[in-house]
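User: Hi! Could you walk me through this protein while I have it open on my screen?
Analyst: Happy to, let's bring it up.

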Amino acid sequence: MTTEPSAPIADRETLTAWAREQGVRVRISSEDWDSITYEALSTDPDGTPLVERYRCVLPESLALRRLRLTYVVGLCHDAGGAACNHVRRVVPPVLSASESAARHDVVLVAAALVESERRAVCGATVDNLTVYTVRCAQDWQPF
């Protein structure tokens, strides 16, 4: 269990300073096409978990660019005789020279995310995941 921050962090520099005082690192806790949330986890001297977060809302021009680069990746695997499906939104980690290179990159990132988040729950690994769709987020239509 983590304790929510007592007051919102105003900017990334404040979060970085708090993390430095606590002797912990700042990491990206979530990312979407329009924002990035940074987080630092620490522990009070009495053992109470502490968490501080800063959500950076991106400028509209950058957010729209990231939306154009965001892909929806669908992966599946067998989990005890049943199909287990996973879907992740991924922004390519680097700007690729081609569409096929970007698709390859987002599949690798999505598979790594699924394995790190779900392996203990359903047994998903990079090796047993099969890609069933890679689509631009702007073109995504739910079934």
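User: Thanks! What percentage of the residues in the protein is buried?
Analyst: Buried residues account for 33% of the 143 residues. Please keep in mind that this is a predicted model.

User: Noted. How many helices and strands does the protein have?
Analyst: There are three helices and six strands. Going along the sequence, they come in the pattern α-β-β-β-α-β-β-α-β.

User: And what box do the C-alpha atoms fill?
Analyst: Roughly 45 × 40 × 25 Å, taken along the principal axes.

User: On to the sheet. In which order do the strands of the open sheet come?
Analyst: The order is β5-β4-β6, with antiparallel pairing. β5 (82-90) and β6 (130-136) are the edge strands; each has a single partner strand, so one side of each has no neighbour in the sheet. On average, neighbouring strands here are turned by 20 degrees against each other, direction ignored.

User: How many bridges link β4 and β6?
Analyst: Six bridges, in the antiparallel sense, with β4 covering residues 71-79.

User: Nice. What do β2 and β3 form?
Analyst: They form a hairpin with five residues between them. β2 (residues 35-43) and β3 (residues 49-57) pair in the antiparallel sense over nine bridges.

User: Which residue in the turn has a positive phi?
Analyst: That is G47, with a phi of about 95 degrees.

User: I'm curious about T37. Where is T37, and is T37 buried or exposed?
Analyst: T37 sits in strand β2. Its relative accessibility is 11%, so T37 counts as buried; the cut-off for buried is under 20%.

User: Which residues does T37 touch?
Analyst: Leaving out residues up to four places away in sequence, T37 touches R27, I28, S29, S30, R53, Y54 and R55.

User: Switching to charges: how many positive and negative side chains are there?
Analyst: The protein has 15 positive and 19 negative side chains, and the centres of the two sets are 4 Å apart.

User: What about the accessible surface, how much of it belongs to carbon and sulfur atoms?
Analyst: The accessible surface is about 9,100 Å², and 53% of that belongs to carbon and sulfur atoms.

User: Last one: among contacts between residues at least 6 apart in sequence, what percentage joins residues at least 24 apart?
Analyst: For those contacts, the figure is 48%.

Terms used: Residues are numbered from 1 along each chain as its sequence is written. This is a predicted model: local features need pLDDT of at least 70, side-chain atom pairs count only at pLDDT 80 or more; totals for chains, interfaces and linings use all residues. Side-chain values use heavy atoms; hydrogens and water are left out. Helices (H or I, at least four residues) and strands (E, at least two) are DSSP runs, numbered from the N terminus. Buried means under 20% relative accessible area, exposed over 50%, partly exposed in between (1.4 Å probe, protein chains only). Contact means heavy atoms within 4.5 Å. Accessible areas come from the Shrake-Rupley method with a 1.4 Å probe; for residues, only the protein chains shown count as cover. Lys and Arg count as positive and Asp and Glu as negative; His and the chain ends are not counted. The place of a charge is taken as NZ of Lys, CZ of Arg, CG of Asp or CD of Glu. Two strands pair if DSSP finds at least two bridges between them. Axes are lines fitted to C-alpha atoms, for helices over the stretch in contact, and angles run from 0 to 180 degrees between N-to-C directions.
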